Amino acid sequence: MANIGSIVMNVSDIRRASEFWSRALGYVPRNGHDAVLMPSSGDGPLLWLDEEDRTHIELWAVDAEEQRAEVERLVSLGAKRVDWSYPDGANFVVLADTEGNLFCVINAEGS
């Protein structure tokens, strides 16, 4: 079963949001990038700050096989496939939950 690997949050100022969320959650920049915050313990989902993408969660599967199985399982639970323009070699599948909220299922092996 996939786990929440990251939460993507739409922000208007990455630096300002990074300072706030770092202090609020005790997170630290990952590899020196203010846009990607991780728990200082190293255990837990990442927080990605993005000025263009909308807020959504990303479920991480360990490989392509688990990703395919997870997408099918989530669709069987009521998720809907979303018509999306994928870049070549995309490692993610965009779905919508039963409320219409978008989320991604990521092949973490392909990251």
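This is a predicted model: local features need pLDDT of at least 70, side-chain atom pairs count only at pLDDT 80 or more; totals for chains, interfaces and linings use all residues.
A residue is termed buried under 20% relative accessible area, exposed over 50%, and partly exposed in between. Because its relative accessible area is 37%, Glu 19 falls in the partly exposed class.

The strands are considered first. Eight strands form an open sheet of mixed pairing, in the order E2-E3-E4-E1-E5-E8-E7-E6.

Several of the pairings can be followed residue by residue. Strand E1, residues 3-10, runs antiparallel to strand E5 (residues 56-61), to which five bridges join it. Within this pair, Ile 4 has Leu 59 of E5 as its bridge partner. On the way from E5 to E8 the sense is parallel, again with five bridges, and Ala 61 stands opposite Asn 107 in E8. Strand E7 (residues 92-96) pairs with E8 in the antiparallel sense over five bridges, and the bridge partner of Val 94 in E8 is Cys 104. The hairpin of E7 and E8 has five residues between the strands, and Gly 100 takes a positive phi near 90° there. E6 and E7 are also antiparallel, joined by two bridges, with Lys 80 opposite Ala 96 in E7. Four of the five residues of E7 are buried, so this strand is largely enclosed by the rest of the structure.

The interior was examined next. In soluble globular proteins, nonpolar side chains tend to be buried together. The largest nonpolar core comprises eight residues: Ala 2, Leu 59, Val 71, Leu 74, Ala 79, Leu 95, Phe 103 and Val 105. At least two residues of this core come from helix H2 (64-76), and at least two from strand E8 (102-107). Leu 59, a member of the core, is also the residue of E5 that is bridged to Ile 4. Apart from neighbours within four places in sequence, Ala 79 contacts Leu 74, Leu 95, Ala 96 and Phe 103.

Two further buried positions lie in strands. Ile 106 belongs to strand E8 and counts as buried because its relative accessibility is 7%. Its C-alpha atom is separated by 5.8 Å from that of Asn 91, a residue 15 places away along the chain. Pro 39 is found in strand E3 (residues 33-39) and, with a relative accessible area of 7%, is likewise buried. When residues up to four places away in sequence are not counted, Pro 39 touches Gly 26, Tyr 27, Gly 44 and Pro 45. The C-alpha atoms of Pro 39 and Ala 17, 22 residues apart along the chain, are separated by 15 Å.

Ile 4, which lies in strand E1, counts as partly exposed because its relative accessibility is 45%.

Charged pairs complete the description. Side chains of opposite charge can pair when their charged atoms come close. Three salt bridges are found in a search of the whole structure. One joins Arg 15 to Glu 19, with the closest N and O atoms 2.7 Å apart. Both residues lie in helix H1 (residues 14-25), at a spacing of four residues, or about one turn of the helix. Another links Glu 70 and Arg 73, where the closest N and O atoms are also 2.7 Å apart. These two residues are separated by about one helical turn because they are three residues apart in helix H2. In the salt bridge between Glu 72 and Arg 81, the closest N and O atoms are 2.2 Å apart. Glu 72 is partly exposed, its relative accessible area being 44%.

Note on methods: Residues are numbered from 1 along each chain as its sequence is written. Side-chain values use heavy atoms; hydrogens and water are left out. A nonpolar core is a set of buried Ala, Val, Leu, Ile, Met, Phe, Trp, Tyr and Cys residues joined through side-chain atoms within 4.5 Å. Buried means under 20% relative accessible area, exposed over 50%, partly exposed in between (1.4 Å probe, protein chains only). Contact means heavy atoms within 4.5 Å. Two strands pair if DSSP finds at least two bridges between them. A salt bridge is a side-chain nitrogen of Lys or Arg within 4 Å of a carboxyl oxygen of Asp or Glu.
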